[in-house]
Amino acid sequence: MDTVAASGLLSSSWLVIALPLLGAAVLLLGGRRTDRWGHLLGTATVVAAFVLALLCTVQLAGLDERVVDVDLFTFVSAGSLDVEAGLLVDPLSATFMLLITGVGALIHVYSIGYMAHDPRRRRFFAYLNLFVAAMLLLVLGDNYVALYVGWEGVGLASYLLIAFWHDRPAAATAAKKAFVMNRVGDVGLAIAIFVMFAQLGTVSYEGVFGGVGALAGGTLTALGLLLLLGACGKSGQVPLQAWLPDAMEGPTPVSALIHAATMVTAGVYLIARSAPIYDLTPTARAVVLAVGAVTLLYGAIVGCAYDDIKKVLAYSTVSQIGYMFLAVGLGPVGYAAAIAHLLTHGFFKAGLFLGAGSVMHAMGDQVDMRRFGGLARKLPVTFVTFGLGYLALIGFPFLSGYWTKDAIIEAALDRGDWAGWLLGGVAVLGAGLTAFYMTRLMIMTFLGRPRWTEGQHPHESPSVMTAPMVLLAIGSVAAGFLLVVVAPLGDWLEPVFGVPEEAEHVVAPAVVGVVVTAVMALGVLAAWLFVGRREVPEVAPVRVSPVTRAARRSLYADAVNEAVFMRPGQWLTRALVWVDNRGVDGAVNGLAATLGGSSSRLGRAQTGFVRSYALGMLGGAVVVAGALLAVTAG
Amino acid sequence: MSDSLLLVAMVVVPAVGAAVVAGLPKHRTATARQLALGVSLVVLVLAVLATVAFDPDGDRFQLTTSVPWIPGFGVDFALGVDGIALVMLLLVGVLVPVVVLASWEDTAPPNRSMRTFFAWLLLLEACMVGVFAATDVFLFYVFFEAMLVPMYFIVGSFGGPRRQYAAVKFFLYSLVGGLVMLAAVIGLYVVSEAAGEGTFAFESLRQLDIDPGVQRLLFLGFFVAFAIKAPLVPLHTWLPDAGAEAPVGGAVLLVGVLDKVGTFGFLRYCLPLFPEASREFAPLVLVLAVAGVLYAALLAMGQTDMKRLVSYTSIAHFGFIALGVFAFTTEAGTGAVLYMVNHGIATGLLFLVVGMLIARGGSRLVGDYGGVASRAPKLAGVFLVAGLASLALPGTNSFVSEFLVLIGSFPTRPVFTVLATVGIILAALYVLLLYQRTMHGPPRGVLFPAGDAADDAADGAAGGAAPHGATAPPAGAGHGATAAPAGGGHGAHGATATLTAPAPARSGGASRMYDLTRRETLVVAPLVALVLVLGVYPQPLIRLIEPAVAATMSDVGAGSAPSEGTD
């Protein structure tokens, strides 16, 4: 990987991170004084960061070598470990930089309206700013330690924002669960970094990627699997997916920005960034594929069963990121497809969440879709923008999701072996399920007869909220066409991933398009048959099939976590506390008692007595010392 | 050489200050604390001056002074610092004024005077400086033992209800360790005499080539004393008692500085003086270290008393430090020393903020608190910063040290390192469980008497979370991977609220909840600032520490990690 030193505007690309960080600092330290204008400052810093990111990207695009390194300062240097704080601006990080600041800016604007009546709005914007800064560090850092710092930084921001309404026990518990499950993944990432240092003596991308060729196969596979563990935690992939749906306890703009568009895609970034490692280890790539395929089905199945609009969207996110994992697991042919789907997903899923927020805003924070219905006429802008996002997500022909999802399915089939057919089949099946649960959501929310709770008068959201929704809807419609057909993302990302070989198509792309569209149509039809034809009951039916029951309980994922980790953990902790108090302490006390007389004396010790005893001991020690010295000297 | 007097002044100034404060009339508490603050700030300035005068690339020991003390036995009053001792002096210099300020409004138990408290505090500071700055092994031993006395009285006279039990336990453990070490100190002298001239001077002892069998015995003598002090599992059970019963200021210094003498001792004495024995015993020490990381973290989760909880987290952290020392690489050793400093700052801050909570509620029990963040956002914010530093979140100082320890240990000790790394999950659990139980949720517990809590809940619903708070779903039934066991069990204990001595007697119907006062803000601000600054730019401290650690590691025949890993 050849890099060039930064010049011009690119050398101040650190400002892209510093601006939102400064915003967070001012809002948190400034306290109530900043209440009146805090949200405006918070939004302004991210908008400014977006403008700067755009200018940097334009400059980058004009360079011959589109990989630029920005040295900042020495973070840690001890022994042979040298961690420099530096940024790497290349097409991959620039793409993420634009996504984060662009979608981030829109969601900041939206939040001005959404959080208008919350007395702690300033704090909300401070945390959002903090998130944007940490996320930018994650993607812009030029070494694994910088990535790790950003990685846990976004985890903190996520924790703070999930628990934003912290007097709700459910929110507090969800935040802690998210942080802890992420830490399980972080252990994998951390150990991967230790392995890199031990084997290669460096943690910088340049050094690691330059040296991986010399590593043994087992080491490479271990690295790939450790990084994957980290990626699974952050991206809500099986087996570390259970925190993501619970994270919907946070305010909805948070769900849009962090738990849909950006943070949860960090795992995809990590694997794509580590492409030089994964390229050399088919074993680890196979596991990535398996994780992606399992997760995309899991999310889609569970998404069919929930009645909470945000949880359905959350499981949809889990499932869509599964598609991205599947794509990166395919190796060089899949990287660009994964990033393209990540970008389009960023647009339509953020738009869907903002739409859900608009619905909740109108319905007094109701999230139960069984109490919605008939909202299309009351919320026309929300309906149209949400509808476009919906079409993009299910892969309606020529909208964003159609292009980017099909590209992944094609790449899977192009493997040409049985695994290719299996993965392609899974992905096509997932597309059908996606169409089902999203159509169900659309029908229950916007169509049919109103099933609102009493006294509700839904009204369209203010334009400060609808404007970002409109912009994201435009992205949902057009981004896929732009990124796949007009200006293929693979060309732009070529300095990072190289030029993939032109694959022999096993199935003609047109055929894939037709088949996927047909399966999608089946999903839509099924949803109409199940949900659209008859009245939606206001209370979820109890007498349902075992499959539905299992899906409503997330296929027992939480039950397993509880039975395997939580209960035994609590039991172990209680047992150890007993052992420490009775056993270890008791043994030492008992020993002391045997040696020194009565242990009850210790317990009943009187101050005066203890003082003389203590001083006596000290005096004795000095005497012993003197005597021994005299003996040895003499 | 005026520089060389800096260290002497750092011992003498607080010692004299202690005498002056002790000599004040009993009721002059105000004068006593002002004097104590002034003296401790002078020591801080001296520590900064010493740092300025110190050249990281210069001699191993700098700012040295040596005067014969007991010439017959080659005992010198010899002071001097390497980078390791220097950063510990900086830590002492920072923490003592903070502790004085934190104890500003404490009230003494009956028949005790805060004047005495501040006098002991200053004497303790003198001893702490001495123990780190001594370059004569006998002088080190004297300070090591002398340090016990002021701490004994700080715990035993000014602590919580079980203070006497805790103080005696602390004293006996330390004394046993001290006596064992004394035997080893004398043994060292004997060895040096056999090799030529009897001496206690560290640099001369370091040159000795000690017979492996003797090394083993002497190593164990020092090691046991340090392992009690640090403390390593299973010699740790005195710390939760002492940490819980000590007044908050005392607990900060006990866990923040005193215990570090143990890990400091490993590095300064065990490794350079007994290199073969150190290598031989390293696997055993590493087992204890990693066991401590995991065992103490699990125990921390099970604690109902906040101060005991923080004490157990410290035992887990000492496990990381011991791992860093005995992994025998420059990176891990540097991380361990940085960990000693950072842990003093982070856990000091955690103890202080827990103390502020206890001062409001009068109970140490986790179960007696809830929803504090709604009423005291600043206090909750500082609590969170301290907690995040404790779980070593990147961006806080502790991350750098923990990361250095782990990445530096991995090349030589991969299995131990991986096991210790699992500890970071447990750290997240014990910190966030504590935070959730005390700070999150609806306001409840001792700070919100029943009627008041109801009012508060109404406030919260009306103002706090509207319009989004209206439909809060029921508490995540079975969702939380680690949902807190209901507070019922703790509540029972809560009835017998264990009051700490310094808890101000605020009672009555009105809510006792208030956010950080101006003084409290002043107490936590420097530590919060250090947590963040050292989290982003730790290199200046590393620059001081690394050469001394590299020298120590070359004494023990080890070097930096990758050369070991790849050669």
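Author: Happy to! Let's start with chain A, where the C-alpha centres of domain 1 and domain 2 lie 78 Å apart. Domain 1 of chain A covers 282-552 and domain 2 of chain A covers 606-634, with bounds that come from an automatic or database domain assignment. Residues are numbered from 1 along each chain as its sequence is written, while chains are lettered from A and ligands numbered from 1 in the order in which they are written. This is a predicted model, in which local features need pLDDT of at least 70, side-chain atom pairs count only at pLDDT 80 or more, and totals for chains, interfaces and linings use all residues.

How confident is the predictor here? Chain A averages a pLDDT (confidence in each residue, from 0 to 100) of 88, and 92% of its residues score at least 70. Within chain A, helix 11 (residues 266-273) has the highest mean, 96, and helix 25 (residues 599-604) the lowest, 45; helices (H or I, at least four residues) and strands (E, at least two) are DSSP runs numbered from the N terminus. Over residues 597-609 of chain A, pLDDT stays under 50, and the model has 16 contacts there beyond four places in sequence; a contact means C-beta atoms, placed from the backbone, within 7 Å. Where pLDDT is low, the predicted coordinates should not be read in detail.

Now the strands. Chain A has an open sheet of three strands in the order 1-2-3, with mixed pairing; strands pair if DSSP finds at least two bridges between them. Strand 1 (4-5) and strand 3 (81-89) of chain A are the edges, each pairing on one side only. Strand 2 (residues 68-78) and strand 3 of chain A run antiparallel, joined by nine bridges, and one bridge partner pair is A:Thr74 with A:Glu84.

In chain B, six bridges join antiparallel strand 1 (residues 62-70) and strand 2 (residues 75-81). Four residues lie between these chain B strands in their hairpin, where B:Gly74 takes a positive phi near 65°.

Finally, look inside. The largest nonpolar core has 464 residues, and those with the most contacts inside it include A:Ile193 and B:Leu349. Such a core is a set of buried Ala, Val, Leu, Ile, Met, Phe, Trp, Tyr and Cys residues joined through C-beta atoms within 7 Å, where buried means 20 or more other C-beta atoms within 10 Å of a residue's own. Helix 6 (residues 169-200) of chain A gives the most to this core, 20 residues. Beyond four places in sequence, B:Leu349 touches residues including B:Ala386, B:Val524 and B:Leu527.

How values were computed:
pLDDT is the predictor's confidence in each residue, from 0 to 100. Two residues are in contact if their C-beta atoms, placed from the backbone, lie within 7 Å. A residue is buried if 20 or more other C-beta atoms lie within 10 Å of its own, exposed if 12 or fewer, and partly exposed in between; C-beta atoms are placed from the backbone.
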